[in-house]
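Morning, everyone. Please have a look at the structure on the screen, and then we'll go through it together.

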Amino acid sequence: MTALLRYQADLLLRSQRWLPPVILYAVFLGVGVQSGQPVLNSLGYTAAALLPVAAWLVRVCATGEPSAARACVAAARGPARAHLACLLTALLAAVLLGVAATVVVTLISTPVSDGHRVHIAPLRAAAAGLPAVLACASLGAAVGALTSQPVLRSTGRAVPALLLGTLLAVVSAGSPAQAAVSGLVTGSRTGRAHIALLPPAGAALCTAAAFAAAAWLAGRRSP
């Protein structure tokens, strides 16, 4: 699996198809995060904006490999393992992007609660923001896995499904991403940077199920 991950990472970097989702994420942060804002609110926005970007990265990895190369890799390692490596590469890329954004946003934001009433230690704020980033990256990757090949092969169906799925993942009650972001917003009001581990754990379970289903389907549909 390590060799497959290296191959998929190299393919992603060389294709430069990662540029549009990364630029979109930078635009999201440039519009929604300003220097001097309360840190937890900014980190909540940072995490939420990562969800559609993670889904897009999964689609980039799932559709970026030439058909001949995909067939060769599937023949050598198995179609299920090859597709799983593709999904994991996109997830790791999204997590790295989110971690980097969390560090930057923590540094430029003001370490206070809403109304500048309570001081919040920057390290504590970053520690609270990272689980939210993991939850949103994981759930976004799950949405991407279920709305890309081989689950949905038609672009006309896959793209609207991806957009709808990311929207529901952010706003639906009970969603791990929604719970993680809401926790940061609530913490900004109360001045308590709570490190919530349940949302990323729930998102990880959803992602594992989505990846397993997509990999199984890749194996079933492989010629």
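How much space lies in the largest cavity? About 60 Å³. Keep in mind that this is a predicted model. So how do we look for a space like this? Rolling a probe the size of a water molecule over the atoms shows where empty space is left. Searching the whole structure turns up one cavity of 30 Å³ or more.

Now, who lines the largest cavity? The residues are Gln8, Leu11, Leu12, Ser15, Arg17, Val60, Cys61, Gly64 and Glu65. Two elements give two or more residues to this lining: α1 (2-15) and α3 (39-63). The top contributor is α1, with four residues.

Next, the surface. Here we find a nonpolar patch of about 490 Å². Its members are Val99, Val103, Val104, Leu107, Ile108 and Leu130. Which helix gives the most to the nonpolar patch? That is α5, residues 79-108, with five residues. Val104, for one, sits in helix α5.

Last, confidence. The protein has a mean pLDDT of 89. Of its residues, 96% reach 70 or more. Where is confidence highest, and where is it lowest? Highest is helix α6, residues 122-146, at a mean of 95. Lowest is helix α4, residues 67-77, at a mean of 69. A word of caution here. Where pLDDT is low, the predicted coordinates should not be read in detail.

Notes: Residues numbered from 1 in each chain as written. Predicted model: local features only at pLDDT ≥ 70, side-chain atom pairs only at ≥ 80, totals over all residues. Heavy atoms only, no water. pLDDT = per-residue confidence, 0-100. 1 Å grid on protein atoms, 1.4 Å probe; cavity = no way out; pocket = protein on both sides within 12 Å on 5 of 7 lines; lining within 4 Å. Points joined across faces, edges and corners; volume = space filled by probe spheres on them. Patch = residues over 30% accessible without salt bridge, like charges linked within 9 Å, V, L, I, M, F, W, Y side chains within 5 Å. Areas by Shrake-Rupley, 256 points an atom, 1.4 Å probe, with all protein chains shown as cover. Salt bridge = Lys/Arg side-chain N within 4 Å of Asp/Glu carboxyl O.
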